[in-house]
Amino acid sequence: MYKNYLWATNRMKYVKKKHKQAPGCLFCNIAKDDPETPKKVLWKDKDMMVIMNIFPYNVGHLEVVPIKHVVWPEELTVQEYQKMWEIVRRTVLLLKKALNAPAFNVGLNIGGDLAGGSILHLHVQIVPRYVRDSGFMEVTAGTKVMPQSIDETFKNLKKHVSVLKG
Ligand SMILES: [Zn+2]
């Protein structure tokens, strides 16, 4: 989306991590807590997990991911599919509370590359939008300024995680 991301802190740590990824499906690796896979799991139960995108489009970019590896929505049971969207509903509420986000983009890229998604494993992206999203840097330099580090944001979201439990 943007060519570069400018972080207030911790930037180099994440740039380095980008080149280290275990083989296999990223989300399956996260779900089974693979030690080689960098991850920020906000919440997880037997069916679903809510994770931070560690290369976010914006502060607080989260993903709701079914634990089982499916590519297509119809591979989930109706109950699982409904649960996924219920967790999306709660995740939006969490982001409103934790980050005061006033607006959101919520969506699916189904079927991989052709749909603009880099990971086949079904997931719902939740990207908070803020009033100052399109600032000077984005327009002039192809650079997105991230005002909070991943770790700071994660800590902040963790405080409100009870919202996800309904
Ligand atoms: Zn998977």
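1. A residue counts as buried if 20 or more other C-beta atoms lie within 10 Å of its own. Leucine 95 has 22 other C-beta atoms within 10 Å, and is therefore buried. The model in which this count was made is a predicted one.

2. Overall make-up. The protein contains five helices and seven strands. Along the sequence they follow the pattern β-α-α-β-β-β-α-β-β-α-β-α. Of the 166 residues in the protein, 22% are buried. Among contacts between residues at least 6 apart in sequence, 64% join residues at least 24 apart.

3. The sheet. Five strands make up an open sheet, and their order is β2-β3-β4-β6-β5, with antiparallel pairing. At the edges are β2 (41–44) and β5 (103–108), each of which pairs on one side only. From one strand to the next, the twist averages 15 degrees.

4. Pairing of β3 with β4. Strand β3 covers residues 48–52 and strand β4 covers residues 62–66; the two run antiparallel and are joined by five bridges. Methionine 52 has leucine 62 in β4 as its bridge partner.

5. Pairing with β6. Strand β6 (residues 124–129) pairs with β4 in the antiparallel sense, over three bridges. Here leucine 62 has isoleucine 126 as its bridge partner in β6. The pairing of β5 and β6 is antiparallel and has six bridges; within β6, proline 128 is the bridge partner of phenylalanine 104.

6. The core. Which residues of the largest nonpolar core touch the most other members? They are Met49, Val50, Val64, Ile87 and Ile126, in a core of 22 residues. At least two residues of this core come from each of α2 (26–31), β3, β4, α3 (78–99) and β6. Helix α3 gives the most, with five residues.

7. Valine 64. Not counting residues up to four places away in sequence, valine 64 touches Met48, Val50, Met84, Ile87, Val88, Thr91, His123, Val124 and Ile126. Val50, Ile87 and Ile126 in that list are also named among the core residues that touch the most other members.

8. Leucine 95 again. This residue lies in helix α3. Leaving aside neighbours within four places in sequence, leucine 95 is in contact with Gly60, Leu62, Ala101, Ile126 and Pro128. Leucine 95 and valine 163 are 68 residues apart along the chain, and their C-alpha atoms are separated by 9.7 Å.

9. Helix α5. Where in α5 (residues 150–158) are the buried residues? Ile150, Thr153 and Leu157 are buried. They lie on the same side of α5, because they cover an arc of only 70 degrees around the axis. An α-helix has 3.6 residues a turn, so residues three or four places apart point the same way. Lys155 and Lys158 are exposed, and sit on the face of α5 turned away from its buried side.

Notes: Residues numbered from 1 in each chain as written. Predicted model: local features only at pLDDT ≥ 70, side-chain atom pairs only at ≥ 80, totals over all residues. Pairing = 2+ DSSP bridges. Helix = DSSP H or I, 4+ residues; strand = E, 2+ residues; numbered from the N terminus. Axes fitted to C-alpha atoms, helices over the stretch in contact; angles between N-to-C directions. Buried ≥ 20, exposed ≤ 12 C-beta atoms within 10 Å, placed from the backbone. Contact = placed C-beta atoms within 7 Å. Arc of directions from axis to C-beta. Core = buried A, V, L, I, M, F, W, Y, C linked by C-beta atoms within 7 Å.
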